[in-house]
Amino acid sequence: MTDQAFAPPLRRRPPRPLHPMRTAMRALRWVTVGLLLAFTLIPLIFMVTTSLKSPIEIRISGSLIPSEGIFWVNWERAFRNVPLPNYLLNSLVVGVLSTAMTLLIALPASYAFVRFRAGGRFLPSWILGTYVAPPIVISVPVFMLMRAVGLVDRPFGLALLHMVANLPVATWMLMDFMRTIPTEIEEAAQMDGSSHCGVLLRIVIPLILPGLVATAIICLILSWNEFLFALILTYSLRSQTFPIGISEFQGEHGLQFGEISAAALTGIVPVYVLALFFQRYLIHGLTRGGVK
Amino acid sequence: MHTLHRRTRREILWMVAPAVLTLIVFSLYPLVYSIAMSLSDSQLARPFRAFVAFKNYTDAVADALFRGSILLTFVYAFGVTAIETALGFGLALLLNRESRASRFARTLGLLPFITPPVAIAAIWRLIYDPSSGMLNHYLVRAGILEQNVAFLGIPGLAMASVMLVDVWQWTPFVFLLSLAVLASLPHEPYEAAAVDGANTWQQFVHITLPLCLPGVLIIAILRLIGAMKVFDLVFMLTSGGPGASTQVASFYIYKTAFQQFKTGYASAMTIILIIVLTILVTLLTVLYRKAQQRYGL
């Protein structure tokens with residue numbers, strides 16, 4: 001057997017002589033990629049160009065490309081009329097806080113599930129099962145609870161709920177990464193007298209670090225994008241997040257599409273930068289857990 | 001040995017305790033609270049005014065808007081799941097080889113589903129705008145439309161327009177996960193088929209499709225569960241309108257509880273929604289087990 005036999009079936013096949021069918025397939029592939037590219041990118045490009053059009057042009061023409069030159073007035077107005085930095089800061093605080101809480105709870109729990117079968121099948125399925133429920137189903141009781149303990153309109157209150165929402169995702173991903181570690185390594189550490197928590201901290205976490213990074217980034221992005229809980233639980237600039245800022249925009253100032261585009265872009269760019277920077281981890285993390 | 005065992009048990013207990021506490025406070029308690037509230041006459045500011053037994057439930061079952069909202073949620077969720085799975089898996093089949101095109105598509109595919117839905121809905125609103133929208137601009141110029149159309153203002157079309165944004169956002173997710181399914185296929189069946197002289201099409205129909213079925217089914221179930229939660233796109237694009245033609249269950253329950261303050265009634269609808277979803281997920285799990293038994297690796 002050569003290496004060739006072990007290569008994945010549909011990838012890196014040896015080049016074959018050109019064949020009309022094959023050329024057609026290649027053309028089809030490029031046309032598809034082109035269409036996909038256009039469909040994916042045009043809304044994003046439109047957002048950028050709209051933010052740079054003059055407000056008058058936005059009202060009269062839906063052209064993708066600005067024809068009257070580039071204007072920065074939408075950006076100025078967006079930042080002047082709406083406290084964007086405030087919203088973004090709240091989003092960041094809620095995101096970091098909720099991600100930290102999620103990992104703090106999900107890490108030991110998923111370790112106990114994978115290694116000691118803690119809670120049997122029931123407990124892990126309960127956690128993962130909560131993912132099925134739409135957030136709206138807990139919103140009334142949770143609103144009452146948060147109001148009773150004074151956590152309405154507080155970043156911490158919203159972060160708590162984002163933790164609840166992200167716990168199944170994080171547990172699912174972390175359990176999957178932990179299953180890949182051979183038990184021998186941990187047993188060796190146990191012989192040396194480490195506690196289970198010690199093993200988790202010193203052996204397991206370093207071994208699954210890429211997976212942990214992927215999990216953290218996904219939790220961060222999910223929190224950054226979350227809308228329903230933020231809508232219900234935040235009332236003022238003290239805790240309102242970026243998605244709420246965007247939705248308020250439309251209510252208070254009429255539909256100023258140029259300003260909305262500028263504001264929306266301000267919240268999208270950090271996510272894209274983060275995702276492209278950690279692209280490898282993200283794709284690895286997403287595609288490992290989901291499919292098996 | 002005995003003491004060590006006890007120490008271990010206590011340590012494990014501490015490891016799962018925070019997760020269990022979270023589940024009790026944010027999953028069990030809300031469920032019990034919702035059931036209690038659904039049996040009462042409750043307002044947001046004045047909960048539990050009176051015990052009304054099953055009145056909220058009989059009201060909900062009789063409420064055409066509520067039944068409609070469940071139906072619309074199913075139309076939305078099954079619709080987008082079917083389209084996204086077909087498109088995403090199809091793209092993965094087409095781009096399932098190391099090439100510049102596929103690497104580029106993979107990076108690009110990461111972007112839509114991490115875009116804040118509220119932000120992307122804001123721009124789709126302008127794309128669909130009846131007077132200065134991009135879609136009207138180009139469709140009228142190309143002669144496909146005679147005059148501007150209010151994409152979000154016509155029942156039926158509004159629903160399709162919201163679904164298109166979901167397709168924009170989630171097809172790349174299906175594509176990325178489908179690539180992973182394809183990459184995990186074993187090689188032996190293909191070698192055996194090649195020895196037997198099967199052509200590419202036969203290999204695709206008799207090997208690739210059946211082997212991919214369980215994995216693709218999981219992806220579709222993930223999407224279905226996600227699409228059942230739809231709220232932000234509807235909130236931003238149509239607010240449930242025109243009429244109630246895009247009023248999905250999440251949005252109707254939100255409106256009832258937080259705009260009309262009828263929390264008792266909203267709780268009854270919530271419990272019904274939970275029951276419907278539980279039945280759906282149970283059926284899907286059975287379906288997946290069957291596929292796994294028949295085609296699983």
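Buried area is the accessible area, taken with a 1.4 Å probe, that two parts lose on being put together, summed over both. For chain A and chain B of this predicted model, that area is about 8700 Å², and carbon and sulfur atoms give 78% of it.

Residues are numbered from 1 along each chain as its sequence is written, and chains are lettered from A and ligands numbered from 1 in the order in which they are written. Because the model is predicted, local features need pLDDT of at least 70 and side-chain atom pairs count only at pLDDT 80 or more, while totals for chains, interfaces and linings use all residues; side-chain values use heavy atoms, with hydrogens and water left out.

**Stop 1: the interface**

Select both chains. Contact (heavy atoms within 4.5 Å) links 104 residues of chain A with 96 residues of chain B. Across this interface there are 11 residue pairs in polar contact, both residues at pLDDT 80 or more. A polar contact is a pair of N or O atoms within 3.5 Å; within protein, one must be able to donate a hydrogen and the other to accept it, and residues adjacent in sequence count only if both atoms are side-chain atoms. Salt bridges (a side-chain nitrogen of Lys or Arg within 4 Å of a carboxyl oxygen of Asp or Glu) number 0 across the interface.

On the side of chain A that touches chain B, helix α1 (residues 20–52) gives the most, with 18 residues. Helices here are DSSP runs (H or I) of at least four residues, numbered from the N terminus. That side of chain A comprises 77 nonpolar, 18 polar and 9 charged residues. Ala, Val, Leu, Ile, Met, Phe, Trp, Tyr, Cys and Pro count as nonpolar, Asp, Glu, Lys and Arg as charged, and the others, Gly among them, as polar.

**Stop 2: two crossing helices**

Next, select α1(A) and helix α7 (residues 157–183) of chain B, whose axes come within 10 Å and cross at roughly 110°. The two helices are therefore roughly perpendicular, a class that spans 65 to 115 degrees. Axes are lines fitted to C-alpha atoms over the stretch in contact, with angles from 0 to 180 degrees between N-to-C directions. Display Phe39(A), Thr40(A), Pro43(A) and Leu44(A) against Leu164(B), Val167(B) and Trp168(B), which make the contact.

**Stop 3: a salt bridge in chain A**

Select Asp176(A) and Arg179(A), whose side chains form a salt bridge (3.9 Å, N to O). Both belong to helix α7 (residues 155–179) of chain A, 3 residues apart, about one turn of the helix.

**Stop 4: two loops**

In chain B, find the cis peptide bond between Gly241(B) and Pro242(B), with omega about -5°. Pro242(B) sits in the loop between α10 (232–237) and α11 (249–259). Finally, select Arg117(A), a residue other than glycine with a positive phi, near 50°.

Conventions:
Parallel < 35°, antiparallel > 145°, perpendicular 65-115°, else oblique.
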